[in-house]
Amino acid sequence: MAIRTRAAARLALLLAAALPGACSRPGKPPEAPRGYVIGLGEIMGLTQMRHAKLWFAGQAGNWPLAAYELDELKEGFADAAHYHPHHKNVPEPLGRMIAEYTQEPLAELDTAVERQDKARFATAFDHLTQGCNACHEAAGFGFNVVQRPTVPPYSNQRFEP
Ligand code: HEC
């Protein structure tokens with residue numbers, strides 16, 4: 001599911017619970033809810049989670065899960081480019097930078113997952129991680145450094161197939 005849809009659904013639920021009647025005034029048609037745009041930092045937080053899950057899925061040889069996390073990563077990048085085409089003092093359009101730094105490694109990951117090749121997967125994963133860090137550097141956020149995760153991020157999800 002797209003981040004936008006999920007976030008919007010959650011927000012709608014919150015509003016419905018917390019503000020009964022607040023969206024409509026007597027005598028006036030109800031106002032359309034204002035759009036919610038997820039922040040780039042929040043998208044990146046989710047990207048970080050997916051990056052970690054992708055690693056453990058690949059390590060466990062759980063290829064359907066790896067393919068899923070890979071897809072979610074791509075959706076997150078697409079959302080980042082769509083909702084934040086220009087971000088703060090980042091010198092270039094985000095979409096262009098994302099393509100420049102992640103397109104190749106993501107394609108390598110696609111191939112590795114398709115072929116169920118763990119060695120290839122590890123190389124492609126490191127390549128993607130380098131892309132994340134290179135983009136952070138180019139964007140002026142070089143202090144955000146990501147790496148291969150060492151511990152699964154969640155104890156309530158099984159990574160083994
Ligand atoms: C456009 C190039 C770009 C790419 C590619 C990119 N990032 Fe980011 N990332 C950013 C920017 C810009 C920020 C700072 C956003 C902000 O202003 O909060 C950021 C922030 C982050 C943060 C900090 C979030 C927080 O709130 O602590 C993490 C973690 C992160 N990115 C992970 C990743 C991972 C993992 C990848 C690769 C799978 C990745 N990023 C790829 C540009 C990028």
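**Salt bridges and ligand shell**

Modeller: Lys74 has a relative accessible area of 30% and is therefore partly exposed, a class lying between buried (under 20% relative accessible area) and exposed (over 50%), with a 1.4 Å probe and protein chains only. This is a predicted model, in which local features need pLDDT of at least 70 and side-chain atom pairs count only at pLDDT 80 or more, while totals for chains, interfaces and linings use all residues. Residues are numbered from 1 along each chain as its sequence is written, and side-chain values use heavy atoms, leaving out hydrogens and water.

Biologist: Which side chain meets that of Lys74 in a salt bridge?

Modeller: Side chains of opposite charge can pair when their charged atoms come close. A salt bridge requires a side-chain nitrogen of Lys or Arg within 4 Å of a carboxyl oxygen of Asp or Glu. Here the N to O value is 2.9 Å, and the partner of Lys74 is Asp110.

Biologist: How many residues apart are Lys74 and Asp110?

Modeller: Lys74 belongs to helix H3 and Asp110 to helix H4; helices (H or I, at least four residues) are DSSP runs numbered from the N terminus. The pair links distant parts of the chain, its members being 36 residues apart.

Biologist: Are Glu69 and Arg50 buried or exposed?

Modeller: Glu69 forms a salt bridge with Arg50, with the closest N and O atoms 3.9 Å apart. Glu69 lies in helix H3 (residues 63-83) and Arg50 in helix H2, so this pair ties together parts 19 residues apart in sequence. In terms of accessibility, both Glu69 and Arg50 are buried.

Biologist: Which helix supplies the largest share of the shell around the ligand?

Modeller: The ligand is surrounded by 18 residues, each with a heavy atom within 4 Å of it. Helix H2 (40-59), helix H4 (94-115) and helix H5 (118-139) each supply at least two residues of this shell. The largest share, six residues, comes from H2.

Biologist: How far is an oxygen atom of the ligand from an N or O atom in the side chain of His87?

Modeller: His87 is among the closest residues to the ligand, as are Met44, Cys132, Cys135 and His136. A nitrogen atom of the ligand is 2.8 Å from an N or O atom in the side chain of His136, and an oxygen atom of the ligand is 2.9 Å from such an atom of Lys88. For the side chain of His87, the value to a ligand oxygen is 2.6 Å.

Notes. Polar contact = N/O pair within 3.5 Å; in protein donor to acceptor, adjacent residues only side chain to side chain.
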